[in-house]
Amino acid sequence: MKQFLIFLLIIFGSSLATLAQERPQVEILTSKGRIVVELYHETPQHRDNFLRLVEEGVYDSLLFHRVIQDFMIQGGDTKSKTAKTGEQLESNDLPYQVPAEIHSELFHQKGALAAARTGNLQRASSSTQFYLVQGKIQNDSLIQHNQGRINSMLQRPFARNHPDNKSLIDSLEQARVARDTATYLSLYKKLDQIVAGFEDFEKYKIPEKHVEVYKTLGGTPHLDQNYTVFGQTVDGLEVIDAIATLETDERDRPLENVYILSMKRIPSQK
């Protein structure tokens with residue numbers, strides 16, 4: 001009997017552990033079709049924030065307000081639900097940010113779910129705005145070019161956060177607060193020169209396994225290590241393609257409104 005109980009504990013304990021590791025999935029029902037995304041446990045703050053917003057219905061009836069073919073489709077502007085035709089969007093979310101959770105193994109392959117953000121030094125994410133990667137197939141030349149773009153974008157936060165540049169950053173902020181435009185522009189130009197020549201950080205190299213995905217499935221590699229990827233599309237890549245090919249205005253807003261009709265958590269399809 002004792003051995004049988006131990007056997008049950010092993011079996012059910014193993015099953016519970018497996019269930020605990022299953023990635024939560026969310027259905028995004030859009031006016032162009034259904035997308036299912038899977039959320040990563042490696043990014044728990046983004047995972048939990050997204051699930052909470054889904055549960056609260058924050059995304060229901062919002063628009064995909066920014067669409068760029070061969071790049072991505074972006075949604076989550078909290079005022080897009082009532083936006084007029086042609087109204088500029090992208091700057092509205094809830095009044096907090098999610099700390100960056102950037103992992104080298106999570107990358108911008110086609111279908112990646114990632115968090116939009118402002119240009120803050122901490123690379124913290126918008127509370128609500130997200131994007132789904134369409135991207136395109138990469139060749140060796142594009143891979144090398146995008147690897148250079150990654151490191152160019154990494155230069156700024158590393159340079160601005162370096163102790164040697166703290167006094168300049170402090171002076172820049174003082175000029176901004178004082179609205180001393182001449183001083184601010186002069187200091188900003190100096191900072192740009194420092195950033196352009198800054199080399200005191202470990203350069204990023206796109207891993208070979210990511211390269212193979214970019215060369216077959218596609219994606220947007222130049223965003224790697226600069227934005228938090230927190231999930232992946234497991235169904236509905238064709239819907240992302242359909243939305244990404246829509247005609248847009250000069251601000252990349254689709255001329256035809258594309259709605260997030262609803263989002264809901266669904267049982268894992270595995």
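Y214 counts as buried because its relative accessibility is 0%; buried stands for under 20% relative accessible area, exposed for over 50% and partly exposed for the range in between, with a 1.4 Å probe and protein chains only. The model is a predicted one, in which local features need pLDDT of at least 70 and side-chain atom pairs count only at pLDDT 80 or more, while totals for chains, interfaces and linings use all residues. Residues are numbered from 1 along each chain as its sequence is written, and side-chain values use heavy atoms, with hydrogens and water left out.

Y214 belongs to helix 6 (residues 208-216). Helices (H or I, at least four residues) and strands (E, at least two) are DSSP runs, numbered from the N terminus. With neighbours within four places in sequence left aside, the contacts (heavy atoms within 4.5 Å) of Y214 include F107, Q109, I137, I143, P221 and D224. For I137, the C-alpha atom is 6.0 Å from that of Y214, although 77 residues separate the two in sequence. Between the side chains of Y214 and D224 there is a polar contact of 2.7 Å. A polar contact is a pair of N or O atoms within 3.5 Å; within protein, one must be able to donate a hydrogen and the other to accept it, and residues adjacent in sequence count only if both atoms are side-chain atoms.

Aromatic pairs were counted next. Rings of Phe, Tyr and Trp (its six-membered ring) pair if their centres lie within 6.5 Å; planes under 30 degrees apart count as stacked, over 60 as edge-to-face and the rest as tilted. The count by this rule is ten aromatic pairs. One of them is the edge-to-face pair of F107 and Y214, with 5.4 Å from centre to centre and 85 degrees between the planes. This pair links distant parts of the chain, as F107 is in the loop between strand 5 (97-98) and strand 6 (112-115) and Y214 is in helix 6, 107 residues apart. F107 has a relative accessibility of 9% and therefore counts as buried. The pair of Y184 and Y188 is stacked, because the ring centres are 5.9 Å apart and the planes stand at 25 degrees. These two tyrosines are four residues apart in helix 5 (residues 181-197), so about one helical turn separates Y184 and Y188. Y184 is partly exposed, at a relative accessible area of 25%, and Y188 is partly exposed as well, at 30%. A further group, made up of F50, Y59, F64, F130 and F230, forms one aromatic cluster.

The loop between strand 5 and strand 6 also holds Q109. Q109 counts as buried because its relative accessibility is 16%. Beyond its neighbours within four places in sequence, Q109 is in contact with several residues, among them Y40, V133, Y214 and Q232.

Strand 6 contains A114, which counts as buried because its relative accessibility is 0%. Residues up to four places away in sequence not counted, A114 touches H108, F130, Y131, T228, V229 and F230.

Two strands pair if DSSP finds at least two bridges between them. Strand 6 pairs with strand 8 in the antiparallel sense over three bridges, and A114 has Y131 of strand 8 as its bridge partner. Strand 4 is also joined to strand 8, by four bridges, and these two strands run antiparallel. In strand 8, L132 stands opposite I73. From strand 8, F130 and L132 point one way and Y131 and V133 the other way, and all are buried.

In helix 7 (residues 237-244), the buried residues are V239, I240, I243 and A244. Seen down the helix axis, these residues fall within an arc of 135 degrees, so they line one face of helix 7; the arc is that of the directions from the helix axis to the C-beta atoms. They pack against strand 1 (25-30), strand 2 (33-39), strand 3 (62-68), strand 4 (72-75), strand 8 (130-133) and strand 9 (229-235).

Over the whole chain there are seven helices and ten strands. Of the 270 residues in the chain, 43% are buried. Among contacts between residues at least 6 apart in sequence, 72% join residues at least 24 apart. Along the principal axes, the C-alpha atoms fill a box of roughly 80 × 50 × 40 Å.
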